[in-house]
Amino acid sequence: MTDTVTPVQTTLQTTLPVPAEAAVTPPPATDAGAEGPGFFDRTLDRLNRLWRDVSQQARARIGAPIRADLPAEDLDRIRALIRQSLDAVGGEVSARARTAELGQVYLGLAPKGKTAFLGLLANEFDVPPGELDAAMLAVREAGVDQTARVAALERLRVTLVSPRARLLRQFSSLPQGVKFLVDLRADLLPLARTDPAARGMEHELREVLSGLFDIGLLDLTRITWDAPAALLEKLIEYEAVHEIRSWSDLRNRLESDRRCYAFFHPKMPREPLIFVEVALVKGLAGDVHTLLDEAAPTADPEAADTAIFYSISNAQKGLAGFSFGNFLIKRVVEDLSHDLPNLKTFATLSPIPGFRAWLDECLAAGGEGLISEAERSRLKAALPKEAEGHPLAAALERDWPAELQLAEALKAPLMRLAARYLTQEKTRGRARDGVAHFHLSNGARVERINWRADLSAKGVLQSAGMMVNYLYKRGEIEDNHEAYTGGTHDVRAGSAVRGLLR
């Protein structure tokens with residue numbers, strides 16, 4: 001694979017020493033400059049160095065430095081350079097060099113300048129309307145003449161490839177050009193929400209990236225503590241579910257009873273696309289604090305019977321909407337089953353990130369029917385006498401995890417409402433909760449809801465401190481997937497969750 005990670009089922013040969021005090025000392029850097037600027041800065045510097053070598057071959061230089069906010073007079077120079085790149089003035093080598101120059105310019109722009117650059121591409125380098133009209137007319141006039149129709153359709157297909165799409169493909173051939181396009185789409189996505197021209201360009205860029213990121217091209221890699229420091233830094237930066245608080249925290253997540261796997265692209269060998277963290281335990285885990293406890297002894301992975309997927313993080317904003325997660329889980333299950341045949345259960349310990357938002361909406365609408373009279377009485381008894389409004393809303397406004405009587409009164413209604421939210425609340429036929437939709441569409445079932453499973457500030461704010469186990473049971477995955485994605489959008493649930501709904 002690459003020299004930055006340990007490929008699956010192979011051993012990384014490395015001279016990296018493991019620090020004695022991981023709590024305060026990061027692993028030594030293996031890349032030049034890795035102890036200096038952050039890895040985002042290093043990536044930008046690497047791109048600039050690579051593309052500077054390419055752009056120096058250009059016969060026509062861009063002139064004075066382009067200003068970071070890209071004022072109108074600088075935009076004119078960019079426009080001319082784009083046209084020269086597309087027209088291949090001076091040949092393909094010069095066109096490639098100009099494309100590298102454009103990339104260098106873009107990397108040096110401020111946000112305002114990047115917006116202007118993208119706006120120029122989106123609005124002025126779309127399919128020319130006159131050429132499109134002429135190509136469509138030729139198709140209509142071809143009629144039933146097969147030879148004329150084939151020629152007209154080919155002309156239409158060529159016409160539909162916009163100049164900006166051709167330029168984007170030119171970027172993909174440059175060193176680190178694929179990473180550049182991924183980051184470019186990350187910048188483009190916010191603009192595409194409100195600007196139709198930017199939306200059209202985003203669709204074209206997504207199509208370019210779809211061809212580059214076919215799942216068959218990706219490499220599954222197990223990441224260990226012996227990986228280069230620059231890669232470990234990225235795990236810390238990209239972790240989106242449970243914040244990695246220190247180097248010792250990260251090392252704990254990479255111990256022998258833990259696993260971390262990621263997908264990499266051959267053209268982005270230093271950048272994980274998506275990664276999953278796994279704990280090898282006995283039985284279903286119901287508390288993330290226990291899983292992440294650095295003081296807990298390291299268990300024997302050979303004695304584990306359950307693999308708990310407790311964090312899945314997308315690492316590239318520019319690949320939003322690309323479905324890598326389902327393939328990642330299936331590949332990791334296959335790899336773990338091969339290495340550790342004693343594993344019989346594969347499940348997640350997942351947050352319920354949309355629960356509180358949904359519950360707050362229900363409470364804002366009056367909260368009718370959310371709790372029973374018995375639950376209302378228990379909550380009122382646990383609240384101060386001056387509490388006003390709906391007792392559930394009043395309880396949630398307090399630091400309830402620290403108030404044991406109040407937390408106990410909240411347990412029954414919140415767990416029941418979480419079960420309702422996960423199994424019954426839908427938006428456009430899919431589970432309202434995004435994490436639930438991901439796992440249900442992959443064939444998991446809602447197995448168990450865990451009380452006080454994540455009492456971090458984020459966990460309480462989003463999920464009321466609860467987490468859920470989604471179970472991937474091999475004999476049921478296809479049936480669960482068909483039930484959820486079919487016409488009835490049925491959510492399969494284990495007996496413990498069904499019991500909460502009674």
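**Exercise 1.** How many bridges join β4 to strand β5 (residues 306-314), and do they run parallel or antiparallel?

*Solution.* The model is predicted, with pLDDT of at least 70 needed for local features and 80 or more for side-chain atom pairs, while totals for chains, interfaces and linings use all residues. Residues are numbered from 1 along each chain as its sequence is written, and side-chain values use heavy atoms, without hydrogens and water.

Step 1: strands are DSSP runs (E, at least two residues) and helices likewise (H or I, at least four), numbered from the N terminus. Strands pair if DSSP finds at least two bridges between them. Step 2: β4 and β5 are joined by eight bridges and run antiparallel. V281 stands opposite T306 in β5. Step 3: strand β3 (residues 258-264) is joined to β4 by six bridges, also antiparallel; here R258 has A279 as its bridge partner.

**Exercise 2.** State how far strand β4 (residues 274-281) is enclosed.

*Solution.* Step 1: buried means under 20% relative accessible area, exposed over 50%, partly exposed in between (1.4 Å probe, protein chains only). Step 2: I274, V276, V278 and L280 point one way, F275, E277, A279 and V281 the other, and all are buried. Step 3: eight of the eight residues of β4 are buried, so the strand is largely enclosed by the rest of the structure.

**Exercise 3.** Locate the buried side of helix α20 (residues 477-485).

*Solution.* Step 1: the buried residues are I477, N480, A483 and Y484. They lie on the same side of α20, because they cover an arc of only 130° around the axis, taken from the directions from the helix axis to the C-beta atoms. Step 2: these residues pack against β8 (430-431), α18 (434-441), β9 (445-450) and β10 (467-472), where contact means heavy atoms within 4.5 Å.
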